[in-house]
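Me: Could you give me a close look at a single part of this structure? I'm new to this, so please spell out each term when you use it.

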There are 2 protein chains.
Amino acid sequence: MDTSKQNTASQILDTLTNDIIQGEFLPGEKLQIKTLKDRYKVGTSPIREALSQLIAKDLVVSENQKGFYVSNISIDDLTDIYQARSKIEGLCLDMAIKKGDDFWESKIIAASHLLAKYSKSENIDMSEWQNRHFSFHEALVSGCDSPRLFQIRQSLYEKSTRYRNLWLQENVTNYEALQANQNEHVALMVLVLERDSISAQKLIEEHIMTPVEMIKKNLP
Amino acid sequence: MDTSKQNTASQILDTLTNDIIQGEFLPGEKLQIKTLKDRYKVGTSPIREALSQLIAKDLVVSENQKGFYVSNISIDDLTDIYQARSKIEGLCLDMAIKKGDDFWESKIIAASHLLAKYSKSENIDMSEWQNRHFSFHEALVSGCDSPRLFQIRQSLYEKSTRYRNLWLQENVTNYEALQANQNEHVALMVLVLERDSISAQKLIEEHIMTPVEMIKKNLP
DNA sequence: TAATTAAATAATGTCGACATTATATAAAAT
DNA sequence: ATTTTATATAATGTCGACATTATTTAATTA
């Protein structure tokens, strides 16, 4: 698909997706057609087409003749998403370790350096830290050449991000937690470069599950 | 969502999904709005909303101002889907083995019996065999209580079905292949009931990958 | 006053119309 | 004859209108 010249529906989809993930629209909130039309200054069709795609992505639910609502959140769902995500990440990492080449290794080392340097720095801007964190994990699994697994990974990441954002809004970063986190990253890289798939898989699963308990406690 | 009183868009989605998976519309085929309106006797909106959902489900692609097309197929995509499917099925089975109770075990034994009996029978109706085959595999993973993993499993199954249908149309079933297949089912059940997760996972992955080579050769 | 019913208001889901863009056809040029 | 340009045709994507269904408000009853 050509993304340079999108149609209105696609633009609305991107914006709405973002607005939901960023918590602009809260879980369970009604998405009234008229409100959305006014907000985004477009007609009925693009709104409904975007909402249709969001239904397929599980970010929106609809009831016939009653309209559209942002998908609800729950502790069970949070746990399920993170658990599934950790397993999928494990699969991706396993495949990456089995198929990754020199170029893949170098990408990991580069990304790790960027993350390590920033984690040690004085004033940490969380947005920048998240970029580097994201890139590091992306690098780890980049050797996995399964488009479908990647797509699943991305979709679950998106869903988990919504939960994380609902939590982050009211929480500042904890320095010690960040350092513990960073130690795991280094350990992870070592295991991956040693091609120790079993241990790496185990660690990445634990790593991803780490924030779950904290998010649970802080869920609105 | 209430499925008893669906709206037009949802009905069209179901029908269209089926028509694509069953090969009523072929890979790469253009899905012209007017044609679909005439075929299903509805207006523009429900058609476009259904197509929007199919885009999110990867069964349809669209290009701005050029319209909608059934997603293309390829050997690479076929392989990727089956590979991802086998891994996901492995995850589901692993979790089922770890969490399954007596009731789950009995469901497996019951489904296995139905499949075994039918596989030995004289005149095998493939549609009925597929039902029982499906139910057996469903029973195996039914102990897995992760909605998300199940959803991913279902989504990949749907995609693989399209490939299988494109192949099945021109192929009759091979008796020996069916018996070999059936032997695997029995072995699988034994491993699962013994709670031998590692071996069961290995076998299910191979089991799912079995038809890939044959489908490859017969792809249109 | 609380519960029930009726009327009024508002929202949803579907439709056909229309402007814009792409494609097919015909005319002109090399 | 082939390429290029101009014209005609067709399809897409968006819009507001409207019938249908839900929700709110007011009126009626117990």
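Which strand is joined to strand E1 (residues 30-31) of chain A, by how many bridges, and in which direction do the two run?

Reply: The partner is strand E3 (residues 67-70) of chain A: two bridges join E1(A) to E3(A), and the two run antiparallel. Before we go on, this is a predicted model, where local features need pLDDT of at least 70 and side-chain atom pairs count only at pLDDT 80 or more, while totals for chains, interfaces and linings use all residues. Residues are numbered from 1 along each chain as its sequence is written, chains are lettered from A and ligands numbered from 1 in the order in which they are written, and side-chain values use heavy atoms, with hydrogens and water left out.

Back to the strands. Helices (H or I, at least four residues) and strands (E, at least two) are DSSP runs, numbered from the N terminus; two strands pair if DSSP finds at least two bridges between them.

Now look at chain B. Three strands make an open sheet there, in the order E1-E3-E2, with antiparallel pairing. Strand E1 (30-31) and strand E2 (60-63) of chain B are the edge strands, each pairing on one side only. E1(B) meets strand E3 (residues 67-70) of chain B over two bridges, and Leu31(B) stands opposite Phe68(B) in E3(B). Helix H3 (residues 44-56) of chain B lies across E1, E2 and E3 of that chain, at about 110 degrees to E2(B). For that angle, axes are lines fitted to C-alpha atoms, for helices over the stretch in contact, and angles run from 0 to 180 degrees between N-to-C directions.

How do the two chains relate? A 180-degree rotation with 0.0 Å of shift along its axis superposes chain B on chain A, at an RMSD of 0.1 Å. The two copies are thus related as by a two-fold rotation axis.

Zoom out on chain A for a moment. Chain A has 10 helices and three strands, and its C-alpha atoms fill a box of roughly 55 × 40 × 30 Å along the principal axes. Of its 220 residues, 47% count as buried, where buried means under 20% relative accessible area, exposed over 50% and partly exposed in between (1.4 Å probe, protein chains only). Among contacts in chain A with a separation of 6 or more, 73% come from residues 24 or more positions apart; contact means heavy atoms within 4.5 Å.

One such spot in the helices is His137(A), which is in helix H6 of chain A and is buried at 9% relative accessibility. Leaving aside neighbours within four places in sequence, His137(A) touches several residues, including Glu89(A), Leu188(A) and His207(A). Leu188(A) is 51 residues away in sequence, yet 9.9 Å away in space, C-alpha to C-alpha. The side chains of His137(A) and His207(A) make a polar contact at 3.3 Å. That term means a pair of N or O atoms within 3.5 Å; within protein, one must be able to donate a hydrogen and the other to accept it, and residues adjacent in sequence count only if both atoms are side-chain atoms.

Finally, the rings. The structure holds two aromatic pairs over all chains. One is Phe134(A) with Tyr157(A), a tilted pair at 5.3 Å centre to centre and 55 degrees between the planes. (Rings of Phe, Tyr and Trp, the last by its six-membered ring, pair if their centres lie within 6.5 Å; planes under 30 degrees apart count as stacked, over 60 as edge-to-face and the rest as tilted.) Phe134(A) lies in helix H6 (residues 126-141) and Tyr157(A) in helix H7 (residues 147-168) of chain A, so the pair ties together parts that are 23 residues apart in sequence. Phe134(A) is partly exposed, at 32% relative accessibility.

Note on methods: Copies are superposed by least squares on the C-alpha atoms of residues with pLDDT of at least 70 in both.
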